[in-house]
Amino acid sequence: MKIGINPGHDTGGHVGAVNPAKGVDEGHIVLQIGILLQEILQQKGHEVVFIQQDNLRGEAPYFNYKDSVVGFLNAQHTDVNISLHCNAWQGADEDAEGTETFYYSTNEKGLALAADIQTELVRLGFANRGVKHGDGQSFVRDTTATSVLVEIGFIRNSHDVNLLLNHQKEIAEAIARAIK
Ligand SMILES: [Zn+2]
């Protein structure tokens, strides 16, 4: 299979959600997990294309999200695309935790993949927030391949951020198992 990996945001000016107490941000965490996922999938014989929005490892010709990330993946004719994110909650840090995975509502393969990703990540200790329709998200709506967007965990929740920082290999392996 040809698989697109899109760690969300970037590692420069638009890092996404942050955990100031830990000094970590979403863009770097999902990049690290994405690189591990790429290695695992390549070892399994898959072809991987990789793009984060700041062009760190991708070949995006434009910075605009739809033209760059979505357009790049469509031009690559991937079979499956995975976008990796960390969630954030505006309220008290410990009030929100867990994994949720978005898919396009009419894509049954997307639903199956999202459900498998949920199962695998919940096994690692993340709370199960379920699979959700991502029809408002360009990544799952505008890509031609089956695409899912994973909010792996909440970056300011102490339980989740421990997993996000210290169990990146297990997270990557869990997502790779779901893709299989
Ligand atoms: Zn994000």
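**Figure 1. Contacts by sequence separation in the predicted model.** In this predicted model, 72% of the contacts with a separation of 6 or more are accounted for by residues 24 or more positions apart. Of the 180 residues of the protein, 48% count as buried.

**Figure 2. Secondary structure and overall dimensions of the protein.** Six helices and eight strands make up the secondary-structure elements of the protein. Their order along the sequence is β-β-β-α-β-α-β-β-α-β-α-β-α-α. The radius of gyration is 15 Å, close to the 16 Å given by the globule rule for 180 residues, so the protein is as compact as a globular protein of that length. The C-alpha trace spans about 40 × 35 × 35 Å along its principal axes.

**Figure 3. Geometry of the pair formed by helices H1 and H6.** Two packed helices are described by the angle between their axes and the distance between the axes. Helix H1 covers residues 26–43 and helix H6 covers residues 168–179; their axes come within 8 Å and cross at roughly 50°. The crossing in which H1 passes H6 is right-handed.

**Figure 4. Residues at the contact of H1 with H6.** From H1, the contact involves Gln32, Ile33, Leu36, Leu37, Ile40 and Leu41. These residues meet Gln168, Lys169, Ile171, Ala172, Glu173, Ile175, Ala176 and Ile179 of H6. Classified by residue type, the contact of H1 with H6 has 10 nonpolar, two polar and two charged residues.

Note on methods: Residues numbered from 1 in each chain as written. Predicted model: local features only at pLDDT ≥ 70, side-chain atom pairs only at ≥ 80, totals over all residues. Axes fitted to C-alpha atoms, helices over the stretch in contact; angles between N-to-C directions. Helix = DSSP H or I, 4+ residues; strand = E, 2+ residues; numbered from the N terminus. Left-handed = near helix turned anticlockwise from the far one by under 90°. Contact = placed C-beta atoms within 7 Å. Nonpolar A, V, L, I, M, F, W, Y, C, P; charged D, E, K, R; others polar. Rg over C-alpha atoms; globule rule 2.2 N^0.38 Å. Buried ≥ 20, exposed ≤ 12 C-beta atoms within 10 Å, placed from the backbone.
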